Amino acid sequence: MTEFEYSPQPTRVVFGADATAALPREAERLGLSRILLLSTPGQSELARRATRDLDSRMVGHFDEAVMHTPVTVSDQAADQARDLGADALVSVGGGSTTGLGKAVARRTGLPHIVVPTTYAGSEMTPILGETEGGRKTTLRDASLLPQTVIYDVALTRSLPVGVTVGSAMNAMAHAVEALYAADRNPVTDMLAVDAIERFASALPVLVADPDNLDARDAALRAAWACGTCLGQVSMGLHHKLCHVLGGTFGLPHAETHAAILPHATAFNEQVVPELLAPVAETLGGASAGAALHGFAARLGAPMALRTLGLPKDAIDEAARIATENAYANPRAVDKDSIAGLLGRAWAGDPPASTADEGYFTERNSTRIVTARNEAANVRLGHVMDAVTRHLHAAVKEIEPTQDEWMQAIQFLTKTGHACNDWRQEFILLSDVLGVSMLVDAINNRKPTGASESTVLGPFHVDGAPELEMGADICLDQKGEPMLVRGRILDTAGKPVDGAKIDVWQANDEGFYDVQQKGLQPEFNLRGVFRSGEDGRYWFRGVKPKYYPIPDDGPVGRLLQKLGRHPYRPAHLHYIIEAAGYQTLITHIFDPDDPYIHSDAVFGVKQSLLANFRLIEDADAAEQAGLSGPFYLTEHDFVLAPTR
Ligand code: BEZ
Ligand code: FE
């Protein structure tokens with residue numbers, strides 16, 4: 001029987017790529033006109049920039065927030081708020097600044113808006129940890145909840161990799177402890193798993209590309225979810241240890257979370273393995289503790305308390321304080337086991353393993369396989385973890401018979417055998433599964449206004465002849481004549497001079513020259529043109545027709561069995577290159593083609609539909625250098641600037 005209590009919390013959340021733009025609106029809603037800005041000294045400049053739209057309502061800036069929220073600093077800031085007659089607080093920063101904001105709000109009763117710049121999550125909790133005389137005490141009270149939290153994804157872009165990882169591991173700790181908290185509820189369960197999944201995919205991306213806005217978005221959403229968990233449930237051993245190590249021994253907050261979490265998790269996993277199973281499933285590892293250790297280490301987090309400044313002889317004392325006044329925890333704590341746990345964390349060793357889980361079972365398959373991998377290349381490790389996780393999940397859903405598994409192996413074998421120097425059946429497989437278009441979409445996110453890309457296809461040939469503008473690329477005069485024209489522009493609408501425009505198309509029977517060697521002239525329906533100062537291009541070709549992708553191999557047979565046709569709607573291929581711009585690989589399509597809504601390789605995009613018009617006017621034909629009716633196809637391309 002499920003039993004739980006759930007009290008939603010009243011903090012308003014505004015989340016977005018540029019959410020600080022909402023600050024004036026929020027100040028207006030709350031009727032604020034005398035705001036005291038809070039930040040650390042290091043983020044003083046950033047805080048002022050992020051809140052510049054509030055300048056007319058700002059009465060002061062206290063920029064002396066420090067770690068662990070010492071009461072002396074909070075008293076000082078509260079005095080300043082009173083002296084200035086402030087009617088609100090806006091905190092811009094990480095956990096230290098949010099903590100200061102809460103402490104001042106508690107002392108003054110002022111409303112509080114928080115703009116988090118890290119993943120600490122404190123903004124979503126009614127919790128305040130303050131230090132006085134070397135001891136950290138925590139207080140939980142609904143009045144500590146900020147009125148509004150503004151999550152601005154762009155603001156987190158400047159977070160250095162080390163802080164990103166430390167702060168995210170801090171947030172992850174909230175999610176992990178929420179999974180086994182006695183007062184957890186279905187909402188925190190969902191948020192915790194969602195947050196761990198988002199961090200699992202976003203963090204490896206951010207380590208390689210800290211500026212990646214999509215990964216920043218995922219990480220900040222995860223942080224919100226983690227903070228919400230922390231605000232809903234009580235904390236256990238992990239948080240207690242971090243509070244002792246931070247409050248009493250001065251260890252850095254976020255890094256301490258990364259070093260302790262695997263050990264605290266492994267300790268609790270002995271009694272609640274089923275509650276922690278999602279951690280290992282998501283991160284990949286033989287156990288939740290091992291998974292967290294591997295994950296944090298792969299991200300480059302410092303994993304030894306030794307390197308974070310804890311003297312070895314402090315371990316016993318830390319264990320004593322942590323167990324004297326322990327937080328509620330699923331597994332009972334005693335000083336000796338906690339000293340053992342801290343000893344491993346001090347040395348940076350992996351956590352003590354739970355029961356020997358070294359044998360493969362249907363249930364732990366993913367963990368066992370991913371735990372075995374120790375790729376020196378971080379990206380390879382991440383890729384293989386993801387592939388293993390999803391492949392095992394598919395196999396578990398499908399439950400193939402041995403025969404079906406063998407058929408799959410034979411299909412892949414035949415696909416391999418169908419490949420040679422001029423035929424790539426695996427690319428074709430990727431095409432018909434939509435994978436090629438997905439990879440293209442991920443790698444070609446264009447600024448608004450720029451032309452969209454699509455698949456290259458297997459029929460591009462290097463070294464096609466460079467032709468005079470207006471030349472006819474159809475060398476055998478077969479097909480309905482077509483004049484193609486348009487402009488190459490930049491995103492500001494300015495013509496691009498000297499763009500190299502490489503075009504190729506199938507003939508009116510649907511074949512490329514390379515598919516009909518001997519039947520079509522070499523380089524038939526291919527040409528390279530260069531735009532002039534006005535960005536214009538024009539050439540002659542033939543009206544393209546739909547054609548089947550090569551369907552006489554295993555991929556063609558698969559399509560048939562899936563009830564799918566192999567056709568691509570009529571199109572023209574382009575590769576457009578110009579200095580200072582991203583190369584554009586794309587097509588234009590005939591919108592009236594019967595297969596326009598069912599391209600076998602999913603390459604059609606609305607923005608790539610061109611205008612094909614039949615022109616019967618004799619003068620127009622003459623002007624185009626043609627002797628009778630022809631198709632006029634017009635399309636402009638907009639190039640995105642080089643990243
Ligand atoms: C093509 O348009 O040339 C093409 C693209 C993908 C698969 C086969 C052909
Ligand atoms: Fe094609």
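This report walks through a predicted model of a protein chain with an iron ion, from its overall layout to its cores and metal site.

Residues are numbered from 1 along each chain as its sequence is written, while chains are lettered from A and ligands numbered from 1 in the order in which they are written. Local features need pLDDT of at least 70, side-chain atom pairs count only at pLDDT 80 or more, and totals for chains, interfaces and linings use all residues, with side-chain values based on heavy atoms and with hydrogens and water left out.

## Overall layout

Let's start with the whole chain. Its C-alpha atoms fill a box of roughly 95 × 70 × 45 Å along the principal axes. Of the 643 residues, 51% count as buried, meaning under 20% relative accessible area with a 1.4 Å probe and protein chains only (exposed is over 50%, partly exposed in between). A contact means heavy atoms within 4.5 Å. Among contacts with a separation of 6 or more, 73% come from residues 24 or more positions apart.

The domain bounds below come from an automatic or database domain assignment.

| Domain | Residues |
|---|---|
| Domain 1 | 9–156 |
| Domain 2 | 160–353 + 367–372 |
| Domain 3 | 438–639 |

Taken over C-alpha atoms, the centres of domain 2 and domain 3 are 53 Å apart.

## The nonpolar cores

A nonpolar core is a set of buried Ala, Val, Leu, Ile, Met, Phe, Trp, Tyr and Cys residues joined through side-chain atoms within 4.5 Å. The largest one has 53 residues, and Tyr119, Met169, Met172, Val176, Phe199, Val279 and Leu283 have the most contacts inside it. Elements that each supply at least two of its residues include β8 (148–152), α5 (161–180) and α6 (186–208). The largest share, 11 residues, comes from α5. Domain 1 and domain 2 both give residues to this core, so it lies between them.

Val176 touches Ile196, Leu261, Thr265, Leu276, Val279 and Leu292, leaving aside residues up to four places away in sequence. A second, separate core of 26 residues includes Cys474, Leu572, Ala610 and Phe612.

## Thr156

Thr156 sits in the loop between β8 and α5 and is buried at 0% relative accessibility. A polar atom of the Thr156 side chain lies 2.6 Å from the backbone oxygen of Val153. Thr156 also touches Thr117, Tyr119, Arg216 and Leu220, again not counting residues up to four places away in sequence.

## The iron site

Now for the metal. Tyr512 (OH), Tyr547 (OH), His571 (NE2) and His573 (NE2) coordinate the iron ion (ligand 2) at 1.9 to 2.1 Å. Donors are N, O and S atoms within 2.8 Å of the metal (3.2 Å for Na, K and Ca); water is not among the atoms, so sites may look incomplete. Along the chain, the donors follow the spacing Y-x34-Y-x23-H-x1-H. Tyr512 lies in the loop between β10 (500–504) and β11 (526–530) and Tyr547 in strand β13 (residues 547–548), so the pair ties together parts that are 35 residues apart in sequence. Tyr512 is buried, with a relative accessible area of 1%, and Tyr547 is buried at 4%.

Methods
Helix = DSSP H or I, 4+ residues; strand = E, 2+ residues; numbered from the N terminus. Polar contact = N/O pair within 3.5 Å; in protein donor to acceptor, adjacent residues only side chain to side chain.
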